[in-house]
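Keep the structure open as you read.

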Amino acid sequence: MSDSRARWYGKPVAAVCVAAAAVALSARTLAVTEFGGSPGSGGSVCVVSLSQYGTNAREMESLVAIPLEDMLASLPGVIGTSSSCEYGEARVVARFAEGRDGTEAVSAAAQRLYESLPRSVQRPRISSARDDVGPAWVAAAVSDVGESGALRALLERRVKPALESLAGVGEVSIDGGGVTELAVLLDDEAAALVGLSAEAVAESLAGSDGLVASGSLRSGYALVPVSMEARYPTVESIREAVIPGGTGEAIRLGSIARVDSRQREPESLSRVDGRRAVTIAVIPTGDANLAMLSRDIACEAAKAASACGIRFTVLSDRGELAARSLKRVISAAIEAVVVVSVAAALVIGPRLYLGRSRVRSLAMVASAAMVPFILVVSAAILSCLMRGLSVGALAGLAIGLGSSIDCSILVAERLGSSKTVGSGAASVRELAPALAAGTATTILALAPMFGLEAVSPGVGAVAAGIAVTCGVSYVATIAIMPPVVLWGGDMVGLRRRSVEMARRLHRLRVGRPTTPRARRQSARLLAAAIAVCAERPRLVLAWSAAIGLAGVVAISISPKDVGTRTEGRDLYARLEFDQGLPLEAVDSRLADYAASLARLPGLVSTQSSARRGSANLLLTYDDDVADSASLAASAKLAAPAGSFLWIESRAPDERVWELLVRGDDDETCRSMAAAAAERIAALPLALEVALNFKVSAPAIVVKPDRDRSSAMGLPFSIVAGAMRRSVQAPVAYKRVGDTGDTDVRIGASRRVDEEALGSIVVASRGGATLEAASLVRIGREERIARIQRRDRRRSASLSIRTRRMDPEKAARETMAALEGLVTPPGYTLTFDRDAIEAARRLRRVTLSFVAAVALAYMAMAALSESFGLPLVALAAVPPSLAAPALILVATGSPLDASMACAFVAVSGVAVNASVLMADYIRKAKKVGFVASAMALYRVVRSRIVIVSATAATTVVGAIPLLVLDTGDMGMVRALAFVTACGGAASFMAAVTVVPALAAAAPRLFDRFGPSAPPRDGGD
């Protein structure tokens, strides 16, 4: 050790000041740190939604989906597109590669398309919400403003923009209530008398009811903007508007039309516990901090309640659940700090004969105080590196703390026996290489985990937490702890009262002092074990290899699980009725269904959103009373007759796979999917099969009689326009006002039913009137309700619910059942690409494990200048990790991504005890050690307390995280389980495998280097 370092060890005041400054800066950093957060989801996902009311799915596909997909697919970084088109709406999703954010590019592309579309198309809504994330917050709104339409308008104008401005919000959707629109319903006869058509009225109104920017004029040295404003201020002013008639005279609009402000016919109806309601849902972005988002939403809801008189009844709040989970993890981390601190003090105290001298007392106090110091400083550094502390980062800190405290225990034990600053510095110098090797091994073994984020989101934060904690522990133990313990080098004993108090504390160490008989039995057991290792080392090594091989076999035969566990207290479901069932009928059946569900035990609330032929359900339950599986079974039994209930949320032991059919024709894709569903439903593995599309419902189709139309000189467009005005009254333009956009519908005042459809009057060019039935043929045909596209091709899919199983096995059995299914050229059947890719990534975790072991070997070899000593230390890894692997097989638990990543993380931690034992034996060889049974026994017995302490602190640091509730992050519990089992097994490997290798291959402990030069025999 250099003289400068020795001089530093004689400056305890400086060391204390440095430590205090580090704690102060860390506390300041943690005071503003953002806790919580979700694992990153890779690249960004942008969603564009456009609406044109009254347009069917096929028109929305050709008008919006196809051109927008083409535009988005050409953007840099886009790895896939998908779309869903239904009546009046198109939703296009663009997925970007990791590290690419395409929000601005998508917004620009959507705006370019919007400018080329008809004026009746609504403005594009752009969000970054994920399809598979689900709402983070759902609430029912109640207000004193009166009817539901006014409440919805208030939510749209005031609450929705405020929520969309919050960080982490991808999309805000409102269900229930009505949307205000302006209806101009023409009297066909009165309009015909003055020579006006609906198109002419729409053109006149649209040209006179707007705001147009017209550039600017220079006035002196300033530029003054010029705008043309011709907006009608009120509905009454529109009614009194004067428009030019077909015969040249001016006509007051109110004389030929009825102008009213009304509520648009809703696309959906929302209920809460069977009662009509207006609901609002917040869909988060993929990387949103749900805990903070829940808090921010609560603040905005309180502001809305104060300013607008809106009261919210929260139906679902995933952020509140995330906050509870975060609190449990933080509590477990604090418990780990306390447990590890006490364990460190109780281990060091007996070794130092507490109270005999100041330096030994300070060593014990410092070893315990280093635990919170390491945690606080590590948390601050990690917060700066990762811009906050996620649940994974907190778990990494807690796990790393139990492993990193080994440095403090070892240094405290050495310093406690030092008599001067010089001897203490020499002790630390002698111990430093082994500590550096252990720390570097742990950190480098974690490096491959940063590439496994796609396998298990959040694993990178766990690895960073462990690595930072180990690094801080090493630096603090080597640089700060020695000066504090070697307080001025003065070994003045404590006063008599202090000595007596210290002796009493010494008697309060773990348990009562062991009896001589218990100590003799423990010594005999250890001696017997070491004798076997010394006399039959190959037998011990063979057993170790067999256990390690059994662990490898256990991992290979364990069922693979790539599914993500559904967390929370919500159950999402889809209820399918006959496609032709109208909205009001669906809503009525939902009211009865909600009443029957209310009798289920544990159900808190039922929120439903009715659409034509289908409905979406959100069931919130008390997880202390009911579980998702029992609630789902009861909900299926209570489903209305003639309906089909599909539970989108799955039980913990279930998996849902997707079979995708892609091709050029949507009807062919759907027929192939239906045929595949029949075959798959017969498989033993299939618990339930559901088509992700609706069977086409009959629709009224109007086709032209071209001969008669030509004879009358009427193109089909005129006939179709007249019929559309009478049936729908389409949106002519959007009226821009201070309260937002208002759709203006212009159509006929006389609404018709199916029987009177053919009697709609069509005006010919000569002024004569004809009935539509004389110009068209009216019939019924099936029409698709929704068109889905995947990667710019039409698609249809079905969902398969199975028990938890390997996705590749599910794919093999599913595709085998589809052999012989007629597949037209160009059409493909694909089994859940995401699940298969996840399974492949899970297999690649093995390569990460090999890389972690290789990096650990290189780190130890570089620091120990030996190729053999790292092999000795790594020999303990297979039997150590075999313990959790065999427990997994014995309990029937699957190997999921979190568990696989935990094995990689613990591979570096499991070698700490064997590194210490190998280093002790190596140092003993320098003083004439011979690998006899007695010599090995003396070395192991002299160091077994310290080696057991390093393993024990690792285990006890993981226990608080191991007993977390099942609702907490799966990666946390998996890591705690593997750490606890692997840490305990690593101690057994350190006291058996390492001594056996010392007896069987003692040269492995030698330092590698050139032989000494021969002595020159000449003069």
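Predicted model: local features only at pLDDT ≥ 70, side-chain atom pairs only at ≥ 80, totals over all residues.

Strand β5 (residues 137-143) runs antiparallel to strand β15 (residues 278-284), and five bridges join them. Within this pairing, Ala141 faces Val278 of β15.

Now widen the view. β5 and β15 belong to an open sheet of four strands, ordered β6-β15-β5-β16, with antiparallel pairing. The edges are β6 (169-175) and β16 (310-317). Each has a single partner strand, so one side of each lacks a neighbour in the sheet. On average, neighbouring strands here are turned by 20 degrees against each other, direction ignored. Helix α9 (residues 290-308) packs on this sheet and touches β5, β6, β15 and β16. The direction of α9 makes about 160 degrees with that of β16.

Another antiparallel pairing joins β7 to strand β12 (residues 257-263), over seven bridges. Thr180 has Gln263 of β12 as its bridge partner. How enclosed is β7 by the rest of the structure? Strand β7 spans residues 180-186, and six of its seven residues are buried, so the rest of the structure largely encloses it.

Turn next to the aromatic rings. The structure holds two aromatic pairs. One of them is formed by Trp657 and Phe831, with 6.0 Å from centre to centre. Their planes are 40 degrees apart, and the pair is tilted. The cut-offs explain the label: stacked needs planes under 30 degrees apart and edge-to-face over 60, so an angle between these counts as tilted. Which parts does the pair tie together? Trp657 lies in strand β22 (residues 654-663) and Phe831 in strand β32 (residues 828-831), so the pair links parts 174 residues apart in sequence. Trp657 is buried, at a relative accessible area of 4%. Phe831 is buried too, at 6%.

The charged end of Arg801 sits over the ring of Trp646, 4.4 Å from the ring centre.

Finish at Asp665, in the loop between β22 and α21 (666-681). Is Asp665 buried or partly exposed? Its relative accessible area is 30%, so Asp665 counts as partly exposed. The side chain of Asp665 reaches the backbone nitrogen of Thr668 at 2.9 Å. Leaving aside residues up to four places away in sequence, Asp665 touches Arg794 and Tyr827. Asp665 and Arg793 lie 128 residues apart in sequence, yet their C-alpha atoms are 8.8 Å apart in space.

Key. Residues numbered from 1 in each chain as written. Heavy atoms only, no water. Phe/Tyr/Trp six-rings, centres within 6.5 Å; stacked < 30°, edge-to-face > 60°. Helix = DSSP H or I, 4+ residues; strand = E, 2+ residues; numbered from the N terminus. Buried < 20%, exposed > 50% of the residue type's maximum accessible area, 1.4 Å probe, protein only. Lys NZ or Arg CZ within 6 Å of the ring centre and 35° of its normal. Pairing = 2+ DSSP bridges. Contact = heavy atoms within 4.5 Å. Polar contact = N/O pair within 3.5 Å; in protein donor to acceptor, adjacent residues only side chain to side chain. Axes fitted to C-alpha atoms, helices over the stretch in contact; angles between N-to-C directions.
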